[in-house]
Amino acid sequence: MSSPITSPDERSKPRIAVLGSINMDLVIRCDHLPKPGETVAARSMAEVPGGKGANQAVAAARCGGAVQMIGRVGDDGFGQKLLNNLLDASIDCSAVLTAQGCESGLAIVSVENSGENAIIVIPGANARLSAEDIHRAESSLAGCDVLMVQLETPQATVLAGIQAAKRAGAKVILDPAPAASLRDELFDVDLICPNESEAIAIVGGRLETIDDAAAIAKRLHAKGPAAVAITLGARGTMLYDGATAELIPSIKVDAVDTTAAGDAFAGAVAVRWAQTGSLRQAIRWANLAGALAASRAGAQPSLPTHQQIDSLSS
Ligand code: ADP
């Protein structure tokens, strides 16, 4: 598959690889969600590119990274649209494979007038991304600064990616979403960045106060990651690096739609960490990215550029 041409500017950018899901979200708006057995008429339907992997790849590209996507799309009509969307964001798709005889990952998102929603996810080609695919894509990881992984592809595949990135000397960031119980080996990463509910799904307990967040971050750290960043929505991020637990506050925004705030955050952390070597500085900047995403509607359309983030920080 075609890749963007590498310019001198591209070569000086931090190199970010993203191993993860590529989905088409079918967003259906209706007056009320159907009850079991009921048929309702939709008011509108829109195809919106999504998937946590693709969202984080677009986030990192807008933040100034040279991004390589590793994933699978199906050989249905959505596959090429999903690829074109990533190529339009200047993402290298040479390691995006097509699963033959398989549909692309889909999310059927029904939203009623009250804002309540119901979502069915069809993993499709994402479930076909295998550890062998990662071994074949290993050359894509050589020379990359950071690998980002999430949990919308099989855990054995994510693990193969983590191990390959370590062999390549890259830092690994795991966003453990959607919430799930994790194989022990998956904790062997440089940074884990769950939101509140994902952190609780892994270590249990309650997370209400900042002290609770610090205690949960320490319990997560004991599982193996070098650092833990629990995103706390409008409150900011709890960072624990094995020595100090610190709340790094976000800024105040009028939240419109928090979809993809966590993806904006993860992409920004990867880029700024690779650029500065300082995780604390990266999280400070990524909080601004998350806040900007929360202040805008949609998933990928809400992801900010590095210029927009910088103009907030100055
Ligand atoms: P997720 O989308 O994964 O649930 P969060 O909602 O915790 O993740 O958001 C990720 C980051 O984005 C937060 O740590 C914070 O820095 C920023 N953020 C999210 N929502 C807001 C908000 N309403 N106001 C300010 N910053 C926000």
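Predicted model: local features only at pLDDT ≥ 70, side-chain atom pairs only at ≥ 80, totals over all residues.
Local features need pLDDT of at least 70 and side-chain atom pairs count only at pLDDT 80 or more, while totals for chains, interfaces and linings use all residues. Residues are numbered from 1 along each chain as its sequence is written, and side-chain values use heavy atoms, with hydrogens and water left out.

The ligand is surrounded by 18 residues. The closest are Asn195, Thr231, Gly233, Ser250 and Asn287. By class, the shell holds 8 nonpolar, 10 polar and no charged residues. Here Ala, Val, Leu, Ile, Met, Phe, Trp, Tyr, Cys and Pro count as nonpolar, Asp, Glu, Lys and Arg as charged, and the others, Gly among them, as polar. Helix 9 (261-276) and helix 10 (279-294) each supply at least two shell residues. Helix 10 gives the most, with 4 residues. Helices (H or I, at least four residues) and strands (E, at least two) are DSSP runs, numbered from the N terminus.

A polar side-chain atom of Asn195 lies 2.9 Å from a ligand oxygen. For Thr237, a side-chain N or O atom is 3.1 Å from an oxygen of the ligand. Ser250 places a polar side-chain atom 2.8 Å from a ligand nitrogen. Taken alone, the ligand exposes 550 Å², and the protein buries 87% of that. Accessible areas come from the Shrake-Rupley method with a 1.4 Å probe.

Strand 8 (residues 146-149) pairs with two other strands. Pairing requires at least two DSSP bridges between the strands. Strand 1 (residues 15-19) runs parallel to strand 8 over 4 bridges, and Ile16 has Val146 as its bridge partner. Strand 9 (residues 171-174) is also parallel to strand 8, again with 4 bridges. There, Met148 is partnered by Ile173. From strand 8 the chain crosses through helix 6 (residues 155-167) to strand 9 in a right-handed β-α-β crossover. Right-handed means that, with the strands pointing away from the viewer, the path from the first strand over the helix to the second runs clockwise. Val146 and Met148 point one way from strand 8, Leu147 and Val149 the other, and all are buried. Buried means under 20% relative accessible area (1.4 Å probe, protein chains only).

Asp133 lies in helix 4 (residues 131-136). Asp133 is buried, at 4% relative accessible area. Its side chain makes a polar contact (a pair of N or O atoms within 3.5 Å, one able to donate a hydrogen and the other to accept it; residues adjacent in sequence count only if both atoms are side-chain atoms) with the side chain of Arg72, at 2.8 Å. The backbone nitrogen of Ser130 lies 2.9 Å from a polar side-chain atom of Asp133.

Definitions and conventions
Near = heavy atom within 4 Å. Buried < 20%, exposed > 50% of the residue type's maximum accessible area, 1.4 Å probe, protein only.
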